[in-house]
Structures are given as structure tokens and as C-alpha cells.
Amino acid sequence: MPELYQAAVTVMMRLVFLFAAEERGLLLLGDPLYDEHYAVSTLAARLREAADMGGEELLGRRYDAWSRLLATFRAVHGGVSHDRLHLPAYGGDLFDPDRFPFLEGRPALSRWRESPARPLPIDNRTVLHLLEALQLLRVPVPGGGGAEMQRLSFRALGIEQIGHVYEGLLDHTAVRAQDVVLGLAGTKAKEPEIPVTRLEEAGGKGEEELLRLLKEETGRSEKALTKALQGYVVNPPSQSRLLEACGNDPELLYRITPYAGLIREDSYGAPYVVRPKSAYVTAGTDRRATGAHYTPRSLTEPIVQRTLEPVVYRGPAEGLPREDWRLKGAAELLELKVCDMAMGSGAFLVQACRYLGERLMEAWEGAERGGGLEATPIIDITPEGAPAGEGDQVVPRDPVDREMTALRLVASRCLYGVDKNPLAVEMAKLSLWLLTLAKGQRFTFLDHALKCGDSLVGLSRAQIERFSWDPPEQAGQMLLASGFIAERLKRAEELRRWVREAGSEVREEQLKQQNRAAEPALEDVRLIGDVVIAAFFAGDKPKAREGKRLAAWEKVRGWLGGDANAAGGHAELVERAAALRAGAKGVAPFHWEVEFPEVFGRAGAGSAAGVGAGPGFDGIVGNPPFAGKNTMASGNHLNYPDWLKTAHDGSHSNADLVAHFFRRAYSLLAPGGCFGLIATNTIAQGDTRATGLAWIRGQAGSLYSANRRVPWPGQAAVIVSVVHARHGSYRGSHLLDDQPVDRITAFLFPTGSDDDPHRLAANAGKSFIGSYILGMGFTFDDTDKKGKASPIAEMRRLIAENPANQEVIFPYIGGEEVNTSPTHAHHRSVINFGERGEEECRRRWPEVMGIVEERVRPERMKLSEDNQDGRNRKKHWWRWGRYTPALFEAIRGWGGCW
């Protein structure tokens with residue numbers, strides 16, 4: 001099913017690109033032959049006209065529109081060469097017909113130029129609704145007159161706006177229905193798809209339980225839900241529509257009729273009923289679980305500028321006044337390497353491309369005028385700023401062509417990005433294509449630099465050579481000859497440089513051949529690294545992991561040594577690497593030095609090239625995902641937290657995930673490189689600070705700019721921090737919350753130490769984190785609007801009928817009471833069985849135990865067993881999520897304490 005959803009989103013991205021390209025005059029819109037047989041911008045209007053004349057039902061029996069879209073996709077990818085129509089081949093993965101051959105009705109692994117296509121029977125009605133969903137926008141009519149549909153102008157639509165809309169697609173996934181599923185009407189933020197069996201189970205416990213479920217899932221009020229359930233009118237027309245949605249199955253109609261008033265309409269205006277084995281799209285959790293947010297331009301612009309100023313100018317990091325800053329030359333600018341480690345749909349890369357493109361054009365202007373002298377005649381120059389000779393590529397004079405040339409050069413030579421989600425990678429490419437789009441220019445110029453993988457899971461070149469995840473200085477004897485790695489990486493680097501710097505005259509097929517030629521050299525090295533990582537994730541304890549590693553090494557040594565079983569051994573290694581990536585929580589290692597050899601193979605300052613500060617990136621920008629300990633553990637492989645602690649020595653298990661991104665970013669910077677990253681506002685607190693900023697400061701890194709509390713632009717109620725750091729010293733102006741300061745510590749303070757305060761021995765045993773209840777079902781609370789807590793009246797009845805129940809029911813005071821009541825008066829109470837066993841609790845307090853079993857246990861049974869906390873809470877469902885016996889022992893006998 002993931003492949004099905006990826007294919008569907010790919011079709012949508014293709015259409016978005018074509019809308020923008022056609023409306024900007026970059027394809028052949030306006031050519032009669034193209035308009036008649038290929039154009040997508042005008043296709044919806046033609047289909048709508050046909051629907052208005054003969055009805056949408058007629059469109060449901062025609063299938064030519066889908067074939068037309070496929071033909072257009074092929075034409076853009078492979079080009080058209082005909083005496084009446086000529087379209088250059090743009091290439092690229094997005095339009096590659098072989099990426100999802102089933103869309104054309106071809107078998108997997110078939111080639112589009114060789115195998116006949118039998119397109120899927122997608123009717124014209126479906127194509128019409130798909131196109132209108134992308135091209136039409138519902139806009140409120142001024143004065144409260146409802147809403148009207150307006151056609152969206154892709155010519156005027158900003159790239160960030162497109163990215164924001166389509167990054168929302170990453171929050172969804174395709175699912176194969178195992179039971180009948182109903183799409184329910186809800187609030188704007190909640191329109192769920194729920195299996196009928198779940199509704200029936202809730203209804204079997206009474207109307208109150210059903211309403212509680214519906215309220216939680218749809219966000220609607222109890223009154224509105226009751227009205228919807230009771231207000232469905234059973235008459236022939238409504239039953240006929242419902243029966244048709246049920247596939248004319250009367251038994252299914254009987255099952256879903258009690259919930260008919262809750263069902264929303266689908267795109268065709270029919271009841272949203274998904275029959276078993278059918279596929280449907282629903283909200284996913286992967287991206288939300290990682291705490292990822294789309295970053296608007298109001299944040300990307302200042303972050304990119306502040307990150308790259310010390311990189312593109314000589315002066316900021318050296319402490320020179322702004323008037324003495326000097327822009328680097330064009331050749332140096334084009335050698336810069338800038339990365340986003342969790343790029344999403346490419347918002348930061350788009351802004352980095354703009355910023356570097358502007359600086360590159362400034363450098364060109366200076367080179368044309370001989371260093372900026374007004375009296376010097378303008379000369380023709382190459383993109384590197386040198387005087388152009390015969391046959392050299394010349395920087396165009398036309399302002400539009402000049403800007404597009406600068407943007408494309410920056411995008412192809414300077415920008416890199418990684419993301420775990422393959423759809424995000426394609427969206428980032430789409431964003432940069434739209435920014436740099438030029439007529440006749442191919443798409444493949446980004447394929448080498450935007451890749452899919454987990455930025456935090458991977459090995460260095462030295463670790464791969466030593467076949468170990470330990471730091472090289474701890475890994476012991478070298479197991480692989482360094483020449484094996486060096487030869488392959490050097491070959492890949494040469495081929496990739498040729499692809500990056502190829503001129504527009506190079507044919508698409510030549511670029512593909514060079515790209516393909518680079519991959520085998522990288523695949524062998526990548527496979528070895530993946531096998532090492534697979535050994536780590538295959539074991540739960542260090543001893544087991546080491547055993548897996550040594551066993552894998554025997555296979556690798558046999559393969560590289562060419563013994564009799566080499567072929568079989570290699571196949572097994574490939575299977576191990578594939579198994580690591582498989583499943584919903586699969587791990588996709590990303591070995592930075594292998595994937596980007598041209599970045600990490602650079603020589604330092606003073607090299608023959610005279611540019612580049614050394615191996616690594618010159619700038620890293622981005623908005624890495626935020627995730628606390630529990631969210632991170634539940635959303636990833638069982639051993640993911642162990643990997644982070646192993647990869648980042650001295651890190652803390654309670655650190656937010658974003659701290660690990662800060663640490664990895666710093667380790668990937670070249671000397672003198674800078675990063676600018678968004679973080680949760682706890683980045684300077686506790687274990688998160690110790691894992692990230694404190695470690696960076698301990699590595700002689702400089703924090704030269706920080707904004708500690710930045711409200712997130714838009715609707716998300718999030719407060720973030722923005723931090724800039726430099727690999728090495730920074731003698732320029734430091735800014736803390738935009739105010740000049742002398743220095744910035746790991747606590748994001750202008751003074752003080754970077755280290756933790758010393759613990760006072762006299763306070764030992766007097767301060768505790770406390771307990772986490774983790775279950776509203778433990779509480780008695782009349783103000784609870786979610787229906788999780790029991791009424792206070794129920795608590796009073798339990799105590800009146802059996803005073804022994806008072807032994808396990810206590811007043812409950814939280815932050816709300818502390819902040820709103822001068823006397824800290826409580827209005828809630830909580831059940832607390834402490835660490836008692838299940839049998840004792842059932843025997844001594846059966847009714848109280850019954851409440852917990854009804855209200856807490858179902859939620860605990862849903863917990864994942866992929867982490868220790870989940871297993872413990874599930875096993876001991878009648879206890880609080882985390883109990884602190886030492887705290888209660890310390891306050892035993894006290895009249896009160898804080």
C-alpha cells in the first residue's frame with residue numbers, strides 16, 4: 001500500500017509541475033497540436049464541458065483522459081521529436097514511466113520503451129475530479145454569502161505555497177480495508193475513517209460509550225452527534241444511495257444504517273463507504289510523530305541569511321565591520337556545499353538557492369567590471385568568474401536568463417538534502433525545479449544531491465573500513481583495506497562531478513549513463529555499511545550485537561575474498577540490508593561520506609583548488625523534527641534510542657531528538673562552516689542541552705546567534721528556538737534575541753558556564769522528578785470534557801459504601817491548581833494503587849479496580865511493545881505509568897511538602 005500512495009502522490013506532483021510549467025510558458029501550451037493532445041491545464045475545462053452537456057455519469061464510461069495524462073508524462077520525460085511537434089526530454093525520476101509501471105498497466109521491472117502499455121481503467125469522471133481538486137479553490141464570498149470555486153493561478157503561486165500544500169500529503173497514507181470502513185463527518189481538523197466493527201463494539205457498551213468514541217474521533221459535540229444519529233431519515237432515495245455505496249449488499253446496508261447520519265460524502269457526492277479489500281486514503285502518523293512542521297519563508301529567509309553570511313563573505317566571522325566585508329569570488333561560491341538534513345518539501349533549500357544565487361550574480365557583476373571599477377568595460381565571463389575564451393560557457397546578459405542560470409548553477413553544484421520520506425525527496429526536487437525552471441533544461445541535475453535516508457543512522461568512511469559502529473579510535477584493528485573504499489569513492493566522485501558540471505548541451509541519456517555508472521562504485525561500500533548497521537539493530541544487547549557483527553564480517557570477508565560461496569554470501573548480505581529497511585519502522589541508513597563523496601573528499605584551505613575549507617558542508621540549515629523520548633521510541637525501530645546513544649557518545653536517553661540533529665549537523669560541518677537550525681525551546685535545558693549545545697561548545701564550537709522564544713508563524717501553537725553555530729571560533733558580533741552580547745553559552749545565556757551546575761550533596765534525597773499517572777481513567781473530575789475521568793459523585797458513592805476505598809483515592813493537585821488557586825485547592829482526585837499487585841487490588845478494592853480496568857486498561861492494551869516503557873505500562877495496567885517510591889518514602893510522616 002505505501003507504493004500505491006506514493007504513486008498517487010507522484011501523479012499529483014507531476015500535474016502540479018505541469019500546471020506551473022504550462023502557465024509560465026515553459027512547455028508548448030498554445031501550440032494547436034500540444035493543446036489538443038497533451039495540455040493538462042485546459043483538460044479539466046474540456047471534461048467539465050462534456051459533463052455539463054451529457055452528465056458526469058457519461059464521463060464515468062469513458063477512459064481516454066487518463067491515457068492522455070500518461071502520454072503527456074511520457075512526452076515530458078522522454079521528449080517528442082516530430083516534424084509537427086518538438087519537445088526536449090526533461091528526464092528525471094518524477095516523470096519516469098518505469099518508476100510506477102502499474103500506472104500504465106505494465107508489469108514490474110518492465111521498460112516503457114519495450115513493453116506495451118495497457119493503462120488502468122481510470123474513467124474520465126475520476127480524472128475530472130482529480131484535476132479540479134488541484135486547480136479549483138473554494139473561496140468564501142464576501143458578506144457571508146457562502147463560498148464559490150475559483151481557478152488557481154499556478155503562474156502566480158509562490159513555491160513555498162505549493163510546498164506547504166503538498167507537504168500536507170506526507171501526513172496521509174493509503175490503507176487496504178480489512179473490514180467495512182465509514183468516512184465520518186467531523187470538524188475541519190478531524191474527518192476520520194472508522195471500521196464499522198469499532199462502532200459496533202462501542203455501541204454494544206451503550207450509547208454513552210459510542211458518543212464518547214465519536215466525540216474523540218470527530219471533534220464534534222455530543223449534542224451534534226446525537227442529532228446526527230437520530231436525524232437520519234430512512235426513505236427510498238436515501239436508502240438507494242446507501243445501498244449503491246454498499247455495492248448492493250443488503251446485509252451491509254443493514255449494518256451501517258444505524259450510523260448513516262454520521263457518514264460524510266465522498267468526492268462524487270455518494271456516502272463514504274469503503275468495502276473490504278478496497279483501498280482508501282487516511283491520515284497517517286509518521287510525519288506528525290516526528291514533530292515535523294512545514295517552515296514558512298518568514299523563518300527560512302532570516303535563518304538562511306544569518307547562516308550563510310559568514311560563509312559567503314570574508315569579514316563576519318573575523319569581527320570586521322559590515323562595510324569591510326568582502327564577497328567571495330564566483331568560483332569559491334560555486335564550490336560551497338549547503339545541506340538540509342531533514343528537508344521535507346525543500347523550503348530551506350529553496351531559500352538557500354535564492355540567497356546564493358543573488359550573491360553569485362553580485363560576484364559576476366564584480367568580475368565583469370574588473371573587481372567593481374565603474375570605468376572598466378564589461379567583459380564576458382564564465383560562471384566561475386574568469387574571462388570567457390572561445391568555446392567557454394558565458395554568463396548571459398539578459399536579466400531573466402542570468403537569474404535562472406545562477407539559480408540552476410547553485411542548485412546543481414551547491415545544494416544537498418536528505419529526508420527519511422521518499423515522497424519528501426521528490427517534493428523537494430519539485431520545489432527546486434519550479435524555482436529554477438528554464439525551457440529545455442533537464443530535471444536530472446538534482447538526482448545526485450537530494451537523497452532518501454535517515455540522517456542520524458550511518459557510518460563514517462573510517463567506521464566502514466573497520467567494519468564497526470564504534471568510533472574509529474576505539475574500533476581496533478582495520479578489517480578492510482582502505483584502498484578498497486578509496487578507489488570506489490574516488491571513481492564515484494569523478495563521475496558525479498561530471499554530471500553536476502555538465503552543460504546544457506549534454507544529452508539526457510549521457511547523464512543517465514554517468515549517474516548509473518557512479519552507483520555500482522557506491523553500492524559495494526554502501527552495502528558494507530548497511531550490513532554493519534543491520535547487525536546493530538538485530539541485537540538487543542551489546543554482546544548480541546557484537547556476535548551479529550562478527551558473523552556478518554565472515555560473510556563480507558568471504559564475498560570480498562572471492563571464495564567458492566562468494567555469490568551466495570553476497571546475496572545474503574543484500575537480503576540483510578533490505579530487511580533492515582523493510583516494515584513500517586524500517587531503518588534506512590545514510591552514510592554521508594559514501595553518498596556525497598565530493599563533499600567529504602574535499603581538500604582543506606591552501607589546496608591546489610584554492611577553495612573549500614575542508615571535508616564537510618559549509619552550511620547546514622533546516623527545521624529538524626522534534627520528538628521527546630517516548631514519541632521517538634514509539635515512532636521508530638525498537639533499538640533506535642540505543643543507536644543514538646551509541647552514535648553520539650555521552651548523549652542522554654531523555655534528550656529530545658532535535659539535539660541529536662544538532663550534534664550530527666555540527667559533526668558534518670567543514671572547519672569554518674556554520675549551521676542555522678530550528679529547535680524546540682528546550683534545546684538549552686537539561687539532557688537536551690547536554691546532548692546538543694553543551695557537546696558542541698565542548699568541541700570548540702561557537703554559538704554566534706540565538707533567538708530563544710520564537711512564536712511559530714501561522715496556526716501551529718508552537719514556541720521554538722533558532723540557533724546558529726560555527727565550527728570553530730567566531731570573533732564577530734554575537735546576537736542573543738537580536739541584542740548584541742559578548743558570547744552565548746550552551747544555556748543560551750550571555751554569561752556563565754556551559755557546564756551543568758554542581759549538585760549539592762546536602763539536597764540528596766530531597767528532590768524528585770515525581771510520578772507520571774499517564775491515564776485520565778485514574779481520575780475523578782467533573783471538569784473533564786473528554787469523557788475519560790469518572791464523576792466526583794461516583795467517588796463519593798464508592799467511599800460512602802466502602803470506607804476502605806479511601807485508602808487508594810487521594811486529592812490530586814497539578815499545575816492547574818498551583819497556578820489558579822492561592823490555596824492550591826483541589827477539585828480532582830486520583831486512584832493510586834502504588835506498587836501493589838493485581839490480585840491484592842482486586843481482593844481489597846474490587847469496585848475501584850473495576851473503574852481502572854474499564855477506563856485505563858483498554859488504552860494501555862493499545863501501547864506498543866517496541867519499548868520498555870510501553871511493555872511495563874501494558875503489563876501493569878492498574879498502576880500509574882511511572883511511580884516514584886523514594887519520593888513517597890521521603891515524605892512519609894510529613895504534614896506537607898513541596
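**Entry: Ser-721**

I began with the neighbours of Ser-721. Leaving out residues up to four places away in sequence, Ser-721 touches Leu-677, Ile-678, Ala-679, Thr-680, Asn-681, Ile-683, Asn-707 and Arg-708. I noted that this is a predicted model. Next I looked up where the residue sits: Ser-721 belongs to strand 18, which covers residues 719-726. Is Ser-721 buried or exposed? Its relative accessible area is 1%, under the 20% cut-off, so Ser-721 counts as buried. I then followed its side chain. The side chain of Ser-721 reaches the backbone oxygen of Arg-708 at a distance of 2.6 Å. Arg-708 is also one of the residues in the contact list above.

**Entry: Arg-602**

I turned to a charged residue. Arg-602 lies in a loop, with helix 25 (597-600) on one side and strand 15 (617-622) on the other. Arg-602 has a relative accessible area of 11%, and so it is buried, the limit being under 20%. What does its side chain meet? I found a polar atom of the Arg-602 side chain 2.6 Å from the backbone oxygen of Gly-616. I also found a polar contact between the side chains of Arg-602 and Asp-618, at 3.1 Å.

**Entry: aromatic rings**

I searched the whole structure for aromatic pairs, and the search gave 28. I wrote down one cluster: Tyr-416, Phe-590, Trp-592, Phe-596, Phe-600 and Phe-617. I also looked for charges over rings. The charged end of Arg-359 sits over the ring of Tyr-355, 4.6 Å from the ring centre. Arg-689 has its charged end over the ring of Phe-747, and there the distance to the centre is 4.1 Å.

**Entry: helix 8**

Then I took up helix 8, residues 196-204. Which residues of helix 8 are buried? I listed Val-196, Leu-199 and Ala-202. I looked down the helix axis: the buried residues fall within an arc of 125 degrees, so they line one face of helix 8. On the other side of the helix I found Glu-201 and Gly-204 exposed.

I asked what covers the buried residues of helix 8. The cover includes two strands, strand 6 (181-183) and strand 7 (193-195). It also includes helix 9 (207-218) and helix 12 (250-256). Last, I checked what follows the helix. Gly-206 comes after helix 8, and its phi is positive, near 115 degrees.

**Entry: the whole chain**

I finished with totals. The protein chain has 37 helices and 23 strands. Of its 898 residues, 48% are buried.

How values were computed:
Residues numbered from 1 in each chain as written. Predicted model: local features only at pLDDT ≥ 70, side-chain atom pairs only at ≥ 80, totals over all residues. Heavy atoms only, no water. Buried < 20%, exposed > 50% of the residue type's maximum accessible area, 1.4 Å probe, protein only. Helix = DSSP H or I, 4+ residues; strand = E, 2+ residues; numbered from the N terminus. Arc of directions from axis to C-beta. Contact = heavy atoms within 4.5 Å. Phe/Tyr/Trp six-rings, centres within 6.5 Å; stacked < 30°, edge-to-face > 60°. Lys NZ or Arg CZ within 6 Å of the ring centre and 35° of its normal. Polar contact = N/O pair within 3.5 Å; in protein donor to acceptor, adjacent residues only side chain to side chain.
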